[in-house]
Amino acid sequence: MDMTDQWTLNRRNFAGHWQGCGSWFERDGSGRLDLQHPTRRIDPTTYAISFSDDDHGVWDGSGLAFAPGGKATYPISRATYNAGGGCWQFPGAGGQSSRGLDAERPRFGHEINLFCGRSRSMLVLLWEPLDGGWRLQRVGAVGFRCLNSTDPEPDRPACGTPEALLAPVQGWSGERQMLRPQAGVNGQAEDAASLVFDPSQLLHNDCSAVMPDGLVFSVPSELPSAPFSLEIGGRLGADLFQQISIHFDASGQLMAWERRCFQPDTAQKIR
């Protein structure tokens, strides 16, 4: 098992000068969420994440959807990373999650980043309170590329439906790991049983869509009062599909993140 701590994985995953076009999808005045046509594009969206040493860095963003003036800069460090226990890192995947449903907070949100080489495919999912429940209100996707890299990145497939995107991945072999929420940097992923990809293990919620940059997701449009999971995937190249599952209990409390990495049996294993 890789004993690398969460801060070191964060540095390895996110260090870079990332730039791409942000596509945002939001419900209209009638409550309809159109996941085919973005209501807003932000081009470019830029995240410059640098580290002065092993323990300290700076996060600098522009073209941001929610920050005042679209810009924000703040220090990051090992000492303060993941104080709330909602950040998660695996090799080649990372992000942050709301730990649970809280009526005092305006959003239940998740950011998922899937890496391949020096590309970073980011998905943002935001639910908001409505009539005593929680409804998916906004979805954002950015296909980032690192401006510091000169290596060509694999093309992402352009598919109109989740089923079309996932059909070629049917039967690929996968490895998976589980990470449970823990504040600070010492959380360790646990290896779990290997498995074979079947699209039904991802497409089991009522709201499923393909996003830019090879991303796909399947989530409840309204959060249930029963255990549920958010499913996010990325066709990151000809021989790589990553899937992140975010698991919640019946009260809406975060239980675990699960990362699955699939490749065709003919491909050389990357990890």
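Here's a quick tour of the largest pocket and the aromatic rings in this structure. Keep in mind that you're looking at a predicted model. The largest pocket holds about 1300 Å³ of space, and a search of the whole structure turns up 17 aromatic pairs.

**The largest pocket**
- A total of 47 residues line the largest pocket.
- If you want to find its centre, look for Y74, C87, Q96, S97 and E111, the lining residues that lie nearest to it.
- Sorted by class, the lining has 23 nonpolar residues, 18 polar ones and six charged ones.

**An edge-to-face pair**
- Among the aromatic pairs is the one between F14 and F115, which is edge-to-face, with 5.0 Å from centre to centre and 85° between the planes.
- This pair links distant parts of the chain: F14 belongs to helix α1 (residues 6-14) and F115 to strand β7 (residues 108-116), 101 residues apart.
- Buried or exposed, what are F14 and F115? Both F14 and F115 are buried.

**A stacked pair**
- F228 and F248 make a stacked aromatic pair, with their centres 4.9 Å apart and 10° between the planes.
- F228 is in strand β14 (residues 228-237) and F248 is in strand β15 (residues 240-248), so the pair ties together parts that sit 20 residues apart in sequence.
- Both F228 and F248 are buried.

**A charge over a ring**
- The charged end of R107 sits over the ring of F66, 4.6 Å from the ring's centre.

Terms used. Residues are numbered from 1 along each chain as its sequence is written. This is a predicted model: local features need pLDDT of at least 70, side-chain atom pairs count only at pLDDT 80 or more; totals for chains, interfaces and linings use all residues. Side-chain values use heavy atoms; hydrogens and water are left out. On a 1 Å grid over the protein atoms alone, a cavity is a set of points where a 1.4 Å probe fits but cannot get out, and a pocket is an open set with protein on both sides within 12 Å along at least five of seven lines; lining residues have an atom within 4 Å of a point. Grid points are joined across faces, edges and corners, and a volume is the space filled by probe spheres set on the points. Ala, Val, Leu, Ile, Met, Phe, Trp, Tyr, Cys and Pro count as nonpolar, Asp, Glu, Lys and Arg as charged, and the others, Gly among them, as polar. Rings of Phe, Tyr and Trp (its six-membered ring) pair if their centres lie within 6.5 Å; planes under 30 degrees apart count as stacked, over 60 as edge-to-face and the rest as tilted. Helices (H or I, at least four residues) and strands (E, at least two) are DSSP runs, numbered from the N terminus. Buried means under 20% relative accessible area, exposed over 50%, partly exposed in between (1.4 Å probe, protein chains only). A charge sits over a ring if NZ of Lys or CZ of Arg is within 6 Å of the ring centre and within 35 degrees of the ring normal.
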